Amino acid sequence: MDALAHSLARSPDLFPVALDGRSGAVAFLPLSEAAYAGASFLDSRILTPHTAIRTWPWAEIASAVTASGLTERVDFIFHIGHVGSTLLSRLLGRHPAIFAIREPEILRMLALTPPGVERDQYLGVFLKLWSRTFNQDSRSVIKATSFVSEIAPDLLARPSGPRALMMGVRPESYLATILGAPHSPSEARMLAPQRMARLNQRLGTAWRTETLGVGEIVALGWACEASALVGAIARARDRVHVLDFDRFLHDPPGQLASAFAHFQVAVTEPDIRAVLTGPDMTSYSKAPEHAYDAALRNAVLDDGRREFATEIRRGLDWIARAAGEHKSIAEAVALFG
């Protein structure tokens, strides 16, 4: 085993942060266990002017991973966006049996790569790299970016038999959340063309975004992402656990215990209590320096419902029409209804 293979096999402290789609070169950076735990996004946002990046050609990385004897051993959190997936990842990662990895940029890139031999080769190597943990008794759980759900059926069909949490909320709650938050409606508009293209391809429709109001655009986002989860559940039903974030906030101990159980982690009531009384439940998961809790989220929802009642109704009507025409959207409504 050469030096690179030995280094990759030893621990996850060399993290693959970027893949050059043209040359195949892979950029790695040193990342401590504490840095993994602190990062909300494992992408360019973790880089600083002092970050020491090393790059290797794809052929060397593929060869080194083969020589290292690494195996795939990774589970997933898939979600529709803005439904507490980062919070759940942080909470689960507090237990030594789970090594939480949040939104690796390369996985996002591969989700946008056309299916085929090239994507399969990349996935085979990177899933092994993401399977490395600091504790040999722990298992990696990747919290994916929402649109990675588009390839969730392929990921769940891997021979390693990964398990997954599928996170969402009912349409009305999602609409109130997005419309009531300061920047989320702008994000929804920005993502609308991509989401519409994905939904059209999946359903065989030719819908357009140009005539949609803001409530309908947010509804489109829910329908696109939630129906993607439905497709993934059909591929691996016995290895999927659906978690409604509103229900989680109503019963954090019970819902968190069920999430741990799904990932086959034995926990006690004191374990759950210790996790839930830590800093995560009172801070904004994507930016922990800011305070955020269930009460503040409820205030955002109430504001959204008051200010955008008409748009929420239009969005719900759009989803109802789409569900009447397409089984996967109807199943998504039933899943989180």
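## Lining of the largest cavity

In this predicted model, two helices each supply at least two residues of the lining of the largest cavity: helix 8, spanning 171–180, and helix 9, spanning 184–203. Helix 9 gives the most, with five residues.

The lining is made up of H82, Y174, I178, S184, E187, A188, L191 and R195. By type, four of these residues are nonpolar, two are polar and two are charged. The space in this cavity comes to about 30 Å³, and the structure holds one cavity of 30 Å³ or more.

## The largest pocket

The volume of the largest pocket is about 1,200 Å³. Its lining has 47 residues, of which G81, H82, S184, Y284 and K286 are the closest to the centre of the pocket. H82 and S184 also belong to the lining of the largest cavity.

Several elements each supply at least two residues of the pocket lining, among them helix 4 (85–93), helix 11 (245–250), strand 9 (283–284) and helix 14 (294–307). Helix 8 and helix 9 are also in this group. The largest share, seven residues, comes from helix 9. The pocket lining divides into 18 nonpolar, 16 polar and 13 charged residues.

## The nonpolar core

The largest nonpolar core has 108 residues, and F78, F126 and L256 touch the most other members. Helix 10, residues 214–235, gives the most to this core, with 13 residues.

With neighbours within four places in sequence left aside, the contacts of L256 are L88, L91, L92, F248, I272, V275 and L276.

Technical notes: Residues numbered from 1 in each chain as written. Predicted model: local features only at pLDDT ≥ 70, side-chain atom pairs only at ≥ 80, totals over all residues. Heavy atoms only, no water. 1 Å grid on protein atoms, 1.4 Å probe; cavity = no way out; pocket = protein on both sides within 12 Å on 5 of 7 lines; lining within 4 Å. Points joined across faces, edges and corners; volume = space filled by probe spheres on them. Helix = DSSP H or I, 4+ residues; strand = E, 2+ residues; numbered from the N terminus. Nonpolar A, V, L, I, M, F, W, Y, C, P; charged D, E, K, R; others polar. Core = buried A, V, L, I, M, F, W, Y, C linked by side-chain atoms within 4.5 Å. Buried < 20%, exposed > 50% of the residue type's maximum accessible area, 1.4 Å probe, protein only. Contact = heavy atoms within 4.5 Å.
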